[in-house]
Amino acid sequence: MPTSTRNAQPKFNRPLLTGLVVALAALSFALPSQARETLRIGYQKSSTLITLLKTQGTLDKTLAQQNIDVSWHEFPSGLPLLEALNVGNVDISADVADTVPIFAQAAQARLTYFAQEAASPSAQAIVVHKDSSLQQLADLKGKTVAVTKAAGSHYLLIAALNKAGLQFSDIKPAYLSPADGRAAFENNKVDAWVTWEPFLTSAQRQLPTRTLADGEGLASYKRYYLTSDSYAKTHPQVLKVVYDQLHKTGEWIKTNPREAAQVLSPLWGNLGVETVESANTHRSYQVQPVKLDQLGEQQKIADAFFAAGLLPKTVDAKDVAIWKP
């Protein structure tokens with residue numbers, strides 16, 4: 001009669017089982033609970049709020065809690081910064097002047113606005129030497145004017161010329177960086193200089209200057225923060241963290257102007273603390289959401305640049321994506 005196998009126990013290969021247990025245990029320790037990511041931020045020296053976040057480490061610490069590292073990439077100006085953003089070399093852009101996205105749109109970049117700083121019209125101006133014969137905007141006709149191409153000051157110059165009944169072709173533009181513009185102005189190589197903070201206050205405190213016009217009634221001078229369309233869609237939670245930190249920092253700099261100036265002074269080429277503090281009074285630093293129906297001045301900028309022959313084609317300023325916090 002055959003023996004029943006109902007209660008027979010399975011036989012295991014103990015050495016093989018032990019090896020599998022050890023291997024699985026090692027694998028569990030090797031796998032991270034969540035893969036770390038890196039947020040690549042492009043900025044300029046003039047990117048005040050982002051610079052403060054970088055220096056104080058606030059954003060790094062906050063994002064580290066979400067397993068996100070931050071890498072910082074400095075650019076000389078807004079146009080190469082947005083070009084890097086467009087080709088995917090950085091993920092978000094610190095603030096750029098309101099004019100810069102227009103040039104990016106003309107180059108068919110697909111970018112998303114995710115924050116803005118409220119208008120700061122007095123943060124840029126057209127200055128001449130105190131003893132200059134130029135007394136009003138109309139006197140700029142035929143003169144050489146230093147201006148940074150695509151910067152907010154570029155639009156201010158166009159708007160000021162239009163107010164005076166002049167065309168952009170009525171002047172001789174000298175496209176210079178702020179530092180080179182300062183040197184050319186100081187050495188009387190140009191008749192006027194259009195610039196923004198903190199370069200403006202620095203020149204006004206160190207040189208005998210006179211202001212022909214600032215942005216009041218001419219150019220609001222908003223600054224925008226941008227990201228790529230793809231990053232906005234895939235990382236909305238990261239943008240929320242960045243937005244919140246920018247908003248808090250904007251409030252902090254207004255509540256603590258002297259402390260903020262002391263932090264920024266060495267970062268801005270050891271510019272005097274009093275100069276930095278004074279310059280910051282002309283900036284709003286009020287971080288706000290971007291709304292499509294508030295881009296009217298962006299369209300004015302686009303139309304003015306096209307009319308001046310600075311853009312190869314017309315641009316629809318509202319043909320952009322908007323991220324909402």
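Predicted model: local features only at pLDDT ≥ 70, side-chain atom pairs only at ≥ 80, totals over all residues.
The largest pocket holds about 740 Å³ of space. Its lining comprises 34 residues. Ser46, Pro76, Pro178, Trp196 and Phe199 lie nearest the centre of the pocket. By class, the lining residues are 19 nonpolar, 10 polar and 5 charged. Several secondary-structure elements contribute at least two residues each: helices H4 (78-86), H7 (178-186) and H8 (199-206), together with strands E3 (92-97) and E8 (192-196). The lining also draws on two domains. Domain 1 (37-119 + 222-269 + 285-322) and domain 2 (124-214) each provide at least three residues.

Two helix pairs were examined next. Helix H10 (residues 236-255) packs against helix H11 (residues 257-267) at an angle of about 110°, and their axes are 5 Å apart. Angles of 65 to 115 degrees count as roughly perpendicular. H10 and H11 are therefore roughly perpendicular to each other. On the H10 side, the contact involves Trp252, Ile253, Lys254 and Thr255. These residues meet Pro257, Glu259, Ala260 and Leu264 of H11. The contact of H10 with H11 has 5 nonpolar, 1 polar and 2 charged residues.

Helix H6 (residues 152-163) packs with helix H13 (residues 296-307) at about 75°, with axes 10 Å apart. This angle makes H6 roughly perpendicular to H13. His154, Tyr155 and Ile158 form the H6 side of the contact. Glu297, Lys300, Ile301, Ala304 and Phe305 form the H13 side. The contact of H6 with H13 has 5 nonpolar, 1 polar and 2 charged residues.

Terms used: Residues numbered from 1 in each chain as written. Heavy atoms only, no water. 1 Å grid on protein atoms, 1.4 Å probe; cavity = no way out; pocket = protein on both sides within 12 Å on 5 of 7 lines; lining within 4 Å. Points joined across faces, edges and corners; volume = space filled by probe spheres on them. Helix = DSSP H or I, 4+ residues; strand = E, 2+ residues; numbered from the N terminus. Nonpolar A, V, L, I, M, F, W, Y, C, P; charged D, E, K, R; others polar. Domains from an automatic or database assignment. Axes fitted to C-alpha atoms, helices over the stretch in contact; angles between N-to-C directions. Parallel < 35°, antiparallel > 145°, perpendicular 65-115°, else oblique. Contact = heavy atoms within 4.5 Å.
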